[in-house]
Amino acid sequence: MATPEIRELRRLLRYRNLVVRESVRMQNKIAGLLMETGTPFVKEKLHGKKYFANLLKSLEEVPESVKDLLRLSRGTMEMFQATQKRMVQQLLANPSLGQRVERLASIAGVGEITALTWALEIGDPHRFSASAKVMSYCGLTSALKSSADKQQRGPISKQRNQWLQTALIEAAKLAPRWNPQLAALHARELERGYRNRATLAVARKLAAYLLAVDKSGLPFQAHTPTTEPTAPLLDRAG
């Protein structure tokens, strides 16, 4: 059972996820209204403040009711975005949690939200004796079915911490861009022809890295041939 303080912070982070989803809904609504009226726009710039303001001024044949809905959707989106930023700042202001997140974010490819989700959903990392157990807790492993001499892996487990599973899978899609070790792992798995399995392999490695850093209490430092690793060791995280 997590401490009352952790449960309170965890509740705040989970609510922040709801706020983010509502913000994305408003973004999609803005794009939908423009497409409905046949208005051309640049998708990559649509949610920029200056671009949206100029686009709104250029709408001449669009009904005024649609313009009002666009303004309302934009205002709601900005409200949700500001709210989620305040929530993150409030979480990071917690001294012990802020320091823990800083250590976890020393892993290339791990951002504040991934680190926050890990810290608050895992609680005490020492309750996991091995990385395999934390991977199972995060829903990153699949059931192994054995029959005679045949073994077959099923889909990833549904008995998991869904918040951690989602955070790690999403992080694994971007982490190879920033982390050479994870990029190499992703490339090896891609050679076998399964993109989803490659993402899952990166997510598992991220979980192992996070556990190693969290249990050691020291920033992450990868093992390289020319330097001795300090802590945690890369091979211990794998």
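In which helix is I30 found? I30 is found in helix 1; helices (H or I, at least four residues) and strands (E, at least two) are DSSP runs, numbered from the N terminus.

Before continuing, please note that this is a predicted model, in which local features need pLDDT of at least 70 and side-chain atom pairs count only at pLDDT 80 or more, while totals for chains, interfaces and linings use all residues. Residues are numbered from 1 along each chain as its sequence is written, and side-chain values use heavy atoms, with hydrogens and water left out.

**The whole chain**

Display the protein chain as a cartoon. Its secondary structure comes to 10 helices and two strands, and along the sequence these follow the pattern α-α-α-α-α-α-β-β-α-α-α-α. Of the 238 residues in the chain, 42% are buried (buried means under 20% relative accessible area, exposed over 50%, partly exposed in between, with a 1.4 Å probe and protein chains only). Contact means heavy atoms within 4.5 Å; among contacts between residues at least 6 apart in sequence, 57% join residues at least 24 apart.

**I30 and its surroundings**

Return to I30. Because its relative accessibility is 0%, I30 counts as buried. Leaving out residues up to four places away in sequence, I30 touches L46, F52, L70, S73, R74 and M77. Select F52 as well: I30 and F52 are 22 residues apart in sequence, and their C-alpha atoms are 10.0 Å apart in space.

**Helix 3**

Next, select residues 64-92, which form helix 3. The expected span of a helix is 1.5 Å times one less than its number of residues; for the 29 residues of helix 3 this gives 42 Å, which agrees with the 42 Å between its end C-alpha atoms.

Colour the buried residues of helix 3: V66, K67, L70, S73, R74, M77, F80, T83, Q84, M87, V88 and L91. An α-helix has 3.6 residues a turn, so residues three or four places apart point the same way. The buried residues of helix 3 pack against helix 1 (4-36), helix 2 (49-58), helix 4 (95-104) and helix 5 (112-122).

Centre the view on L70. Apart from residues up to four places away in sequence, L70 touches I30, L33, L34, F52, L56 and L59.

**The largest nonpolar core**

A nonpolar core is a set of buried Ala, Val, Leu, Ile, Met, Phe, Trp, Tyr and Cys residues joined through side-chain atoms within 4.5 Å. The largest one here has 61 residues, and L70, W118, L140 and L206 have the most contacts inside it. Helix 9 (residues 195-216) gives the most to this core, with 11 residues.

**Helix 7 and helix 9**

Select helix 7 (residues 162-174) together with helix 9. How do their axes cross? The axes come within 8 Å and cross at roughly 110 degrees (axes are lines fitted to C-alpha atoms, for helices over the stretch in contact, and angles run from 0 to 180 degrees between N-to-C directions). The two helices are therefore roughly perpendicular to each other, a term for angles of 65 to 115 degrees. L168, I169, A171, A172 and K173 in helix 7 meet T199, L200, V202, A203, L206, A207 and L210 in helix 9.

**H186 in helix 8**

Finally, select H186, in helix 8. At 14% relative accessibility, H186 counts as buried. Setting aside neighbours within four places in sequence, H186 is in contact with P176, A198, T199 and V202.

Key:
Parallel < 35°, antiparallel > 145°, perpendicular 65-115°, else oblique.
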